[in-house]
Amino acid sequence: MELDPDDVFRDEDEDSDNEFYQERESTKEYAVYLVDASPKMFSTTCPAEDQKNETHFHIAVSCIAQLLKTQIINRSYDEVAICFFNTREKKNLQDLSGVFVFNVAERDYLDRPTARFIKEFDRIEESFEKEIGSQYGIVSGSRDNSLYNALWVAQGLLRKGSAKTADKRILLFTNEDDPFGSVRAAAKTDMTRTTLQRAKDAQDLGISIELLPLSQPDEEFNVSLFYADLIGLGGDELALCTPSAGQKLEDMKDQLRKRMFTKRIVRRISFIIANGLSIELNTYALIRPTVPGAITWLDSVTNRPLKTERSFICADTGALVQNPAIRFQPYKGKSIKFSVNELSEIKRVSTGHLRLLGFKPLSCLKDYHNLRPSTFVFPSDKEVIGSTCIFIALHRSMLRLKRFAVAFYGNPSHPQLVALIAQDEIVSAGGQVEPPGMHMIYLPYSDDIRPVEELHTDTNVVPRATDDQVKMAMALMKRIDLKDFSVCQFANPALQRHYAVLQALALEEDELPEITDETVPDEEGMARPGVAKAIEEFKLSVYGDDYCETSEKIVTEASRKRKVAAVNAAKHIGNYNWEDLADNGKLKNLKVTDLKLYLMAHGLSVTGNKEVLMDRILNHMGK
Amino acid sequence: MARNREKLILLLDVSPSMHSVLPDVEKLCTLLVGKKLIYGNADEVGVVLFGTEDTKNDLTKEVGGYEHVMVFQDSKVVDEHLLNSLKHLPRGTFPGDFLDAIVVGVDMLIKQYRETYKGRKRICLITDALCPIKDSDVGTKEDQVNTIARQIVSFGLKMENIVVRSNLSGEVNKQIADENDHILNLFSKKSSTKTLYVDSPISLRGALKTRNISPVTIFRGDLELSPKMKIKIWVYKKTAEEKFPTLRKYSDKAPSNDKFATHEVKVDYEYKNIEDPSKVVPPEQRIKGYRYGPQVVPISSAEWEIAKFKPEKGVKLLGFTDATNILRHYYMKDGQQTVVVGVLTPNVSEYDNIPDSFYFNVLPFAEDIREFQFPSFNNFPMLWQPNEKQQEAADILVKMLDLAPSGKPETLLPEFTPNPVLECFYRHLELKSNHPDAAVPPLDETLKKITEPDPALLAENNSVIDALHRQFELKENPKLKKSTRRLQQEKPCGSGEGYVDADVADAQVVNSIESKSSVVKVEEIGDLTPVQDFEAMMSRRDSPDWVSKAMKNMKNKIFDLVENSYEGDNYPKAVELLVALRKGCILEQEPKEFDDFLCYLCKFCREKNLSNFCEFLESKELSLISKSEAIDSDVTDNEVGSIHFRTELKLKE
């Protein structure tokens, strides 16, 4: 594990927080995208929003491109290969015809996505005809079987790594539900048999094959013609993967994108409903903040990565301490010692299970009863048969009675009281919007809730809005109604910016890309006469006529103090020769308080750790 | 900071009607002071008891009256002595007059600090407010309250009243309760007083905030509806997790006679070239690199400062949408992100004197969502679909296992639920300060109701749960071996599945998957789950020796607990084990094993000045095993019933 001093100084509890947010994935994913490049993929189109039709090939390729961009941010350790079949040219290790593995320099066929890979793949459609070419590879009378070859190539690529530590998948994009349709009867049976055998061999090696069928506007993709056997689907599962015909482009893209993700279980837990009745649940992290990746320190001279070595030194004797396992807490003038084991025993107030305590009406769950992002739970009959049945029954009851369950989650690192809210499945044309299941909401304890409203308690009755003001506010709300609002429609501008900068630097581009910040208010919309009028009326009803924008700075006590501190600091910074210290790398020898003097004297921020402070000083000096 | 120092007077009602909740009051107050010793060691605390036999306060000397109000601890900086004194509050014998106590408390604060101290001055009253308030010589009770309230306001005091009403049944005089509630309500109206009603020991333990956080605004500025209209707002944290304290690393390198040793551990970092570890790079020669796929892109802070996203500071309205568009589970956590999109939901005040406000919750960005697909429940095989009867059983459970029954206060309300882990930590800390080797204390009965279902609620719903058992059958998947990981999942610290109420029979009847799968052969009684270990050993049938080994092991364990007990801290645990041993001995028809041991234990305690353990046993009504319970016993029922251990011992000797 990489060590970062900033990280190490965080308290242990935050570490468990980190665990919660990052849930280090134990397995890597190796995925091969097999994209059908037959002429049919180019000739079949889907109506897009702007009246322009998009080909199936374009849909598949743009979904993959989008996925790669997510992957390099979120799961950059996963490896991926993109492989076209039914191509004119061939490029693969086995030298099989009709299969072309797409790649860029400095990268294996199956490897982590790189900036260059993503960039080149974005332009694949421009060069496709020239470089790769489309040509149906299953022809009557020849023994060529491009689908067979494609599976073989994919299997060859996925030979890497053990199936135990890696999740291996082949994702097959095609709009041809009957690949051997044009082949004569005898040869067809033979080809079907060998292809299915090929697929089965791959599956036996622990490779899962998933089909991402593209339906034509007038004709449904018939999975049962051939592919049901290939991917090994039973009757019930068939319904799950068959897309409906005539979907809109956006819906189809949505559906593909969702299906390309693999579900990762965070934990398997037991949910104890009553003594002797405990069912099996899987937990999933559906919502977690995505943050810029961790910092890797480099040697600025060579740009080579550095290894951080941490050593513990006894403050009294200066001796090296090996892995100190005792912690202490000053209390009553003594140092009270705890062993690491004792500390974890304290946290083990309950078993690692989820234990039902009872139910409450949904209205009892307040908006501030929320400590961290929720976790999704879904039943499993894998180990305990009957779990799903009880879960569904409770789920239905809770939905109907509008109640949530209160349970104690004895997670060893962070035991907590939780609310379980049943969520009904919501489906739209683009597929599942909300999966059925329950969401686990982490509840605060008494000491986690601050009674801040009471700060503004007045011995008199506080003013309330008049009916007229409320009416104006309602009119305003109607005016500024967000049409088709969906919770996660905004991209995180800070993150987008972060990765755009990284991408530009990684590809050594000179210009920094512009990103649009989707989170800023729609100023044009706000300026529309109807809206402007509603705002004006509301303003008038609340502030009256004599409202004027006052932006005069009130000198607060805090800012006054800051000024005094700056003046004081200015007197003291003369004690050091800052330029000299900076040039000789000796700033680090100063105390944080001394560093802050410099910053205060120059009106700079004094937040952050020593590292940050030093950086800020150097920046200010222009070094 | 001097300003944050708090002066607190605890007014504790110890009158007879309060006796049942005093153990929880003691724990609450001990925790409060214990945490002050760490986080607010300059805070001052005074303790006033009322309903006491004795009277001791300034006012009674100066003006007379104010009987049965006792200044138990003068207001002073928190120390160990104060903490210890709160562990065992004297039980009072008189009805408590909380109004007298408030006057004494206010008087103490005013006399001691006058106007000279501008910081927080707080009075905290814990009472059941069920005793009548004495009539005043001058004016009505209301006049009296008005006078006190004016003082409270003019001296800037804050008051917090916690009214414990757990046994609102039978003999409670409703008229008195109503009148007292009226008086308390008057305080809330006339001064900055908060009155909380709690109905259970858990809520009592959670009702008083045991740490002081001075609320500070995290943002003051404009909420911009449009560039044309802005509203001045102040933003505070409403919910912030109180974390498990960060303990420092301990070094034992200093010689043991070094009194000034800090025992601290410093962390030193060295940065080495990965290819050539002998090369050490000075910290300022480092540069930050960010990963982008397999590449690491170096960016200096200066470059980053220019390139990074810099949003404008402020809160701006995007628009409105129907509340149903935002599902509850999308709420994230507010963090250090540079920019967030969130929802404001109205928080309509229930009180005339508290203004309305908004709650802000952060929503996820597109990057934060993982759109996993899950099968629709309707697509599951018929076998997995609940039938009508099963659905009915589930409906009844969801309805009946009710934590918020109408007309009664909600249980496990987050506002009133203490954090069991932190309670456990601070209690252990306190135990260790007296006894460095003290074991991790088990959760007490009150706190256990947070981690486990309330036995009373379960008992009420026995038939509902039985029906559930009848309707649903769970089977282990025969094709799968239970993963070893789960077998090893540890048992909770010192707490088990209701072994105190010993509903063992019930638990055995049901086809428990847990018990079947978790039979790990126990060979010794451990510290974590001694009762379960004992029961497991007793029930081992692979050798007859296990029973005697289990009993012997258990006796040693109990003996150790009693012997190593400090101020009785191990007693409850010892009794738990004794109860288990007793039951085991009855089941195995070995009453003498238990009776002899108990006598021996009592004798030992008397000799070692631990006779309060015998008293404790008495209070727990733990008796010898009688003839009617086990035929081999030579103790008759008469001897058992009322005879105390001390006399019992004489008999034996």
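This is a short tour of the structure, stop by stop, for following along in a viewer.

Before you click: this is a predicted model, where local features need pLDDT of at least 70, side-chain atom pairs count only at pLDDT 80 or more, and totals for chains, interfaces and linings use all residues. Residues are numbered from 1 along each chain as its sequence is written, chains are lettered from A and ligands numbered from 1 in the order in which they are written, and side-chain values use heavy atoms, with hydrogens and water left out.

**Stop 1: the sheet in chain A**

Select E5, E4, E1, E6 and E7 of chain A: in that order, these five strands make an open sheet with mixed pairing. (Helices, H or I with at least four residues, and strands, E with at least two, are DSSP runs numbered from the N terminus; two strands pair if DSSP finds at least two bridges between them.) The edges are E5 (99–102) and E7 (207–213) of chain A, each with a single partner strand, so one side of each has no neighbour in the sheet. From one strand to the next, the twist averages 20 degrees. (Axes are lines fitted to C-alpha atoms, for helices over the stretch in contact, and angles run from 0 to 180 degrees between N-to-C directions.)

Now zoom in on E6 (residues 166–174) of chain A, which runs parallel to E7(A) and is joined to it by seven bridges. Show A:Phe173 and you'll find A:Leu212 of E7(A) opposite.

**Stop 2: a salt bridge inside chain A**

(The criterion is a side-chain nitrogen of Lys or Arg within 4 Å of a carboxyl oxygen of Asp or Glu.) A:Glu29 sits in E1 (residues 28–36) and A:Arg169 in E6, both of chain A, so the pair ties together parts 140 residues apart in sequence. Are these two buried or exposed? A:Glu29 is buried at 4% relative accessible area, and A:Arg169 is buried at 1%. (Buried is under 20% relative accessible area, exposed over 50%, partly exposed in between, with a 1.4 Å probe and protein chains only.)

**Stop 3: helix H4 of chain A**

Select residues 56–74 of chain A, which make up helix H4. (The expected span is 1.5 Å times one less than the number of residues.) H4(A) is mostly covered, with 14 of its 19 residues buried.

**Stop 4: across the chains**

Next, pick B:Lys272 and A:Glu309, whose side chains meet in a salt bridge at 2.7 Å, N to O. This pair crosses from E10 (residues 265–273) of chain B to E11 (residues 306–314) of chain A. B:Lys272 is buried at 14%, while A:Glu309 is partly exposed at 30%.

**Stop 5: helix H4 of chain B**

Show B:Lys111 and B:Asp107, a salt bridge with closest N and O atoms 2.8 Å apart. Both lie in H4 (residues 98–113) of chain B, four residues apart, about one turn of the helix. B:Lys111 is partly exposed at 34%; B:Asp107 counts as buried at 17%.

Over all chains, the structure holds 59 salt bridges.
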